[in-house]
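Welcome, and thanks for taking a look at this one with us. Below is a short tour of some charged pairs, loop residues and backbone details.

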Amino acid sequence: MENEHKKKVKVPLTIEQKIKRRNFISFGTFFALGGGAVASWKWLLNAPEETAGITAGTRAPLRRALNKTELFFRNFFSNNHLVKTYPIEKAAKTVRVNSLIGIEEDENFDIQKWKLIIDLGNGKTLKIGLQEIKTLPKTEIVYDFKCVEGWDQIQHWAGVKLSDFLLHYKLHEQSNKQYMGLETPNEAYYVGLEMESALHPQTLLAYEMNGVELSNDHGAPLRLIIPVKYGIKNLKRIGKMSFSNSRPKDYWAEQGYDYYSGL
Ligand SMILES: Nc1nc2c(c(=O)[nH]1)N[C@H]1C(S)=C(S)[C@@H](COP(=O)(O)O)O[C@H]1N2
Ligand SMILES: [Mo]
C-alpha cells in the first residue's frame, strides 16, 4: 500500500540525508507489517535524545526518552492503519473546492514572498521557502478525500511527507510535543492536530494536485493533506506551524465540531 506512493528525489541528497533516509527506510521495512512507519520514525527521532541523556549522565532526559518509547509502541498498535489508496486514473479531474476561509479575504497575500514559518517554541522561528521544500523527497497519494458536509472525492496530491519534513529540519524536540498547530498567513483559519496524526505516513505538506502546482483555491502554495482526518483539518495555504502540549485553537472545534475529526 505504502509502495503505491511514488517517491521522486529531485535533487541529490547530502550524505547525511542519505544515511538518515536509509536508516529510516530500513527500520520502516523492519516494521512493515502494520504500517510501522510512525513508530520507526519516532524511534529514530528519539534515538539521539536517549544517547545524549546517557553521555551527559543525566537521568531525566533518558527517562523522558524511555517514556516516549513506551508511547510509540502504544501508538504503533492504535494508530497504524493506512487509508485506502487508488490508482491515479481514478482521481477526479475537476476537484471540488470547498470553503476558502483565510484565502479569499486575504487580499494582501503575496505568493512570491511566502515562506512557511515554523515557530520553534523558544522564541525563535524558521522560515522556509517553497523551492527548498520541493528539494525534499516527493510523495504522492490518491485517496478518497472526505468532507464532514457529506461529500467525498478521489483526489491526487503530492508533496513532502510531514514526518520527512520534520526529520529533515531536525525538529525533534518540537515533534515530541503532543500537538501541532497550523494557521493561514492571515490567521483566519487554523487547526490543531495530535502529533500522531501529523506524523502518520500518509500526511503530506502538499504543493501539487493532479501533477500541477496548487491553485489558490486549493491552498497555494502549500497545504496540509491529512487522509486520516476529515477535510476540515486539511488546512489550505499554511502560513505558520507551531507545537504544543495543549490543544492548539481549532476553527471548526470552536464552532462545535469534533476536535479530533478523525476517520
Ligand atoms: N484555509 C482554509 N483551509 C481549509 C478550509 C478553509 O475554509 N480555509 N476548508 C476546509 C474544508 S471544510 C475542506 S472540506 C477542505 C476542502 O479542500 P478543497 O477546497 O481543496 O477541496 O479544505 C479545508 N481547508
Ligand atoms: Mo469540509
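Let us begin with Glu-104, which sits in the loop that runs between helix 3 (59–78) and strand 2 (116–119). Please keep in mind that this is a predicted model. Glu-104 is exposed, because its relative accessibility of 58% is above the 50% cut-off. Together with Glu-105, Glu-107 and Asp-217, Glu-104 forms a negative surface patch.

**Salt bridges**

- Searching the whole structure turns up five salt bridges, and three of them are described here, starting with Lys-138 and Glu-208, whose side chains meet at 3.0 Å, N to O.
- That pair links distant parts of the chain, with Lys-138 in strand 4 (residues 138–146) and Glu-208 in strand 8, 70 residues apart. Lys-138 and Glu-208 are both buried.
- Lys-233 and Asp-250 also form a salt bridge, with 2.7 Å between the closest N and O atoms. Lys-233 belongs to the loop between strand 10 and strand 11, and Asp-250 to the loop between strand 11 and helix 8, so this pair ties together parts that are 17 residues apart in sequence.
- Both partners are buried: Lys-233 has a relative accessibility of 1%, and Asp-250 has 4%.
- In a further salt bridge, the side chains of Lys-146 and Asp-144 meet at 3.9 Å, N to O. Here Lys-146 is partly exposed at 33% relative accessible area, whereas Asp-144 is buried at 14%.

**Loop residues and their contacts**

- Ile-101 is found, like Glu-104, in the loop between helix 3 and strand 2. Its relative accessible area is 24%, so Ile-101 counts as partly exposed.
- Leaving out residues up to four places away in sequence, Ile-101 touches Thr-184, Ala-188, Tyr-189, Tyr-251 and Trp-252. From Ile-101 to Glu-187 the C-alpha distance is 9.6 Å, and the two are 86 residues apart in sequence.
- Asn-245 is placed in the loop between strand 11 (240–244) and helix 8 (251–254), and it is partly exposed at 44% relative accessibility.
- The C-alpha atoms of Asn-245 and Gln-178 are 4.7 Å apart, although 67 residues separate them along the chain.
- His-218 lies in the loop between strand 9 (212–213) and strand 10 (223–225). With a relative accessibility of 7%, His-218 is buried.
- Beyond residues up to four places away in sequence, His-218 has contacts that include Val-95, Arg-96, Val-97 and Trp-157. Met-209, Arg-223 and Lys-236 are also among the residues touched by His-218.

**Backbone details**

- Most peptide bonds are trans, and most residues other than glycine have a negative phi.
- The bond joining Ala-220 and Pro-221 is a cis peptide bond, with omega about 0 degrees. Pro-221 is in the loop between strand 9 and strand 10, where His-218 is also found.
- Asn-210 is not a glycine, yet it has a positive phi of about 50 degrees. Its place is the loop between strand 8 (204–209) and strand 9, and Asn-210 is partly exposed at 28% relative accessibility.
- Ser-261 also has a positive phi, near 45 degrees, in a residue other than glycine. Ser-261 belongs to the segment after helix 8 and is buried, with a relative accessible area of 4%.

Technical notes: Residues are numbered from 1 along each chain as its sequence is written. Chains are lettered from A and ligands numbered from 1 in the order in which they are written. This is a predicted model: local features need pLDDT of at least 70, side-chain atom pairs count only at pLDDT 80 or more; totals for chains, interfaces and linings use all residues. Side-chain values use heavy atoms; hydrogens and water are left out. Patches are made of residues with over 30% relative accessible area and no salt bridge: like charges are joined within 9 Å, nonpolar side chains (Val, Leu, Ile, Met, Phe, Trp, Tyr) within 5 Å. Accessible areas come from the Shrake-Rupley method with a 1.4 Å probe; for residues, only the protein chains shown count as cover. A salt bridge is a side-chain nitrogen of Lys or Arg within 4 Å of a carboxyl oxygen of Asp or Glu. Lys and Arg count as positive and Asp and Glu as negative; His and the chain ends are not counted. The place of a charge is taken as NZ of Lys, CZ of Arg, CG of Asp or CD of Glu. Helices (H or I, at least four residues) and strands (E, at least two) are DSSP runs, numbered from the N terminus. Buried means under 20% relative accessible area, exposed over 50%, partly exposed in between (1.4 Å probe, protein chains only). Contact means heavy atoms within 4.5 Å.
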